Structures are given as structure tokens and as C-alpha cells.
Amino acid sequence: MKMATKETIDYAKQNYLTTNIKFEVMDATKLLFPEKFFDCIICFETIEHLENHEKSIMEFVKVLKDNGILIISTPNKNLSLKNKSENEFHEHEFTRDEFLKLLSKYFASTKLYSQKLIIKPTLKEKILKFILSSTFKVTRYDKINLRHKL
């Protein structure tokens, strides 16, 4: 697994730093925060890159307050297989059921949402996009200015 680099952290500090934000590189299976520290943890498109994804979920639970919320996303393995889009950097991809089973072990309440994945637009979608684009303009010709005379 490739860790965030010093350059990534330096860039984040230069572009996004405020008084209430801190950027650090940390092992997701050994978080250095006190127990029950966070109201909310947001983890987008990360867990599939971890060798020990279950340990990272346990760490999230440890540092979340009792009524804390984990907002987490991961690619759907079934869609990756269907679209033949394998990612060499993923340690483990989850099906919807696998992900729900993992989260349900540690959280009493879970809600799953998904994104609509569009790999290849249909001809209808391409035509609609073309019509709505700024490059396609319909021009009216009213050479004798009838619309103002009627």
C-alpha cells in the first residue's frame, strides 16, 4: 500500500489549511487519536486499499463518539467485475453484501447509498449532451422582421 507522501501533505497544508484543520499521515489500523474523539469520520475510497480493512473499521469505532457517524465509500466489486475495471492498487474490493456485513458487525445502524455509474453513454445520451452543449445553437432567420410586425 502506498502511503500519502510528504508532497501531498505539504500541498494540502498550503492550499487547505485553516485553524481547525490538521493534516497528518497515519496508519488507519493504529489511529493516534484518543478514544471517542470524533463526532464524524469521513473515509472516501480508502478502505479498499488497506490490507487489514477490518482493523481500520475497529479503529474508526474506537475514535468515534458513542453517537458518532462514519461516512465511508468503496467501489462495488460487482460493478468492477461487470465493467472489467480491475484496480491493481486495491487490496480488497467489496460486494454490496460484503460491505454491509462488515459494517453491521460494528454499527447498530447502517444505511447504504450508491452512485449511478455510467461507463459508456448511450447514443441518446450523446445526442442529448450535444444538443444541450453551448456549441450547438439553433438560429432563427427572420429576414423581413415578421415577428415584430405581427
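This is a predicted model: local features need pLDDT of at least 70, side-chain atom pairs count only at pLDDT 80 or more; totals for chains, interfaces and linings use all residues.
Lysine 22 pairs with glutamate 24 in a salt bridge. The closest N and O atoms of the two are 3.0 Å apart. Glutamate 24 is partly exposed, at 39% relative accessibility.

Glutamate 59 is buried. Its relative accessible area is 5%, and the cut-off for buried is under 20%.

Which residue does glutamate 59 meet with closest N and O atoms 3.1 Å apart? The partner is lysine 55, and the contact is a salt bridge. Both residues belong to helix α2, which covers residues 53–63. They sit four residues apart, about one turn of the helix. Lysine 55 is partly exposed, with 29% relative accessibility.

## Glutamate 59 and lysine 62

Glutamate 59 also forms a salt bridge with lysine 62. Here the N to O distance is 3.2 Å. Three residues separate the pair along helix α2, so about one helical turn lies between them. Lysine 62 has a relative accessible area of 29% and is partly exposed.

## The network and the total

Together, Lys55, Glu59 and Lys62 make up a network of salt bridges. Glutamate 59 takes part in the bridge to lysine 55 and in the bridge to lysine 62.

How many salt bridges does the whole structure hold? The search finds seven. Among them is the bridge between lysine 22 and glutamate 24.

Conventions. Residues are numbered from 1 along each chain as its sequence is written. Side-chain values use heavy atoms; hydrogens and water are left out. A salt bridge is a side-chain nitrogen of Lys or Arg within 4 Å of a carboxyl oxygen of Asp or Glu. Buried means under 20% relative accessible area, exposed over 50%, partly exposed in between (1.4 Å probe, protein chains only). Helices (H or I, at least four residues) and strands (E, at least two) are DSSP runs, numbered from the N terminus.
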